[in-house]
Amino acid sequence: MPTPTIAPLADASPAPEAGASAARKARFWDRIARKYAADPIADMAGYEATLRRVQGLLSAEQDVLEIGCGTGSTALRLAPCTRRLLATDVSANMIAIAREKLAAQPTPQLSFAVADADAPVAGHKACDAVLAFNLLHLVSDLDQALAQVVQALRPGGLLISKTACIAEMNPLIPWLALPLMRAIGKAPHVLCFDGEALQAAIARQGMEIVSVERHGTRGKDIRVFIVARKPA
């Protein structure tokens, strides 16, 4: 397989507290990786609508980074639309499953690597687009993660994201159910914000919001799809 044009910053040394946070996240997702890979997509029609939308934003001239790629199913669908796609996740077990899928479905544009979305993942101005699907509510520090995205993007590059807005759920879920599940190890740490707060966080990084959409087809859709552009 050709050497990817986007290389993960494997030699970056995170601060001790950042390393501890990444280790906690990795332990949770490592433990559930096989179950996560086997779970069906709840809203397949909404998922396919998102894929079509993203495919329309990508091109064969683009170097693309995906953060929080999970077990790689979406990366496998999108990589043929790019020049190169580096897909990363904090969980080594998730990446191991993703590489199994890649071996079964060789895709020359695609490579996988273990990396934490809260830390620098790719070099400065290395990417034409950064993808973040079902991730931004799971980072430790939203502003820091978005700042890393901006640094990785070339001028005019796109952040393409789809994020669960926990604050838009029934209040009993974020303030009661999730803390209880987290206390017994059944849920990860999550950030609680709504769609407007997420847009404001992206704008704080100097990015232009290009589009805000909802692609769900089953009842209330709390997953907001946002496209934002780094100034040229």
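**Cysteines, cores and overall build**

Author: Start with C165, which is buried at a relative accessible area of 0%. This is a predicted model, where local features need pLDDT of at least 70, side-chain atom pairs count only at pLDDT 80 or more, and totals for chains, interfaces and linings use all residues. Residues are numbered from 1 along each chain as its sequence is written, and side-chain values use heavy atoms, with hydrogens and water left out.

Reader: Why is C165 called buried?

Author: Buried means under 20% relative accessible area, exposed over 50%, and partly exposed in between (1.4 Å probe, protein chains only). C165 has 0%, so the word applies. C127 is buried too, with a relative accessible area of 0%.

Reader: What makes a group of residues a nonpolar core?

Author: The members are buried Ala, Val, Leu, Ile, Met, Phe, Trp, Tyr and Cys residues joined through side-chain atoms within 4.5 Å. The largest such core has 34 residues, and I67 and L142 touch the most other members. Elements that give it two or more residues include strand 1 (63-67), helix 5 (142-152) and strand 7 (223-229). Helix 5 gives the most, with 6 residues. A second, separate core holds 24 residues, among them Y47 and L51.

Reader: Which residues does I67 touch?

Author: Contact means heavy atoms within 4.5 Å. Leaving out residues up to four places away in sequence, I67 touches several residues, including T88, V121, F133 and V149.

Reader: How many helices and strands are there?

Author: The chain has 7 helices and 7 strands. Both are DSSP runs, numbered from the N terminus: helices are H or I, at least four residues, and strands are E, at least two.

Reader: What makes the chain as compact as a globular protein of its length?

Author: The radius of gyration is taken over C-alpha atoms, and the globule rule is 2.2 Å times the number of residues to the power 0.38. For 232 residues the rule gives 17 Å, and the chain has 17 Å, so it is as compact as a globular protein of that length.
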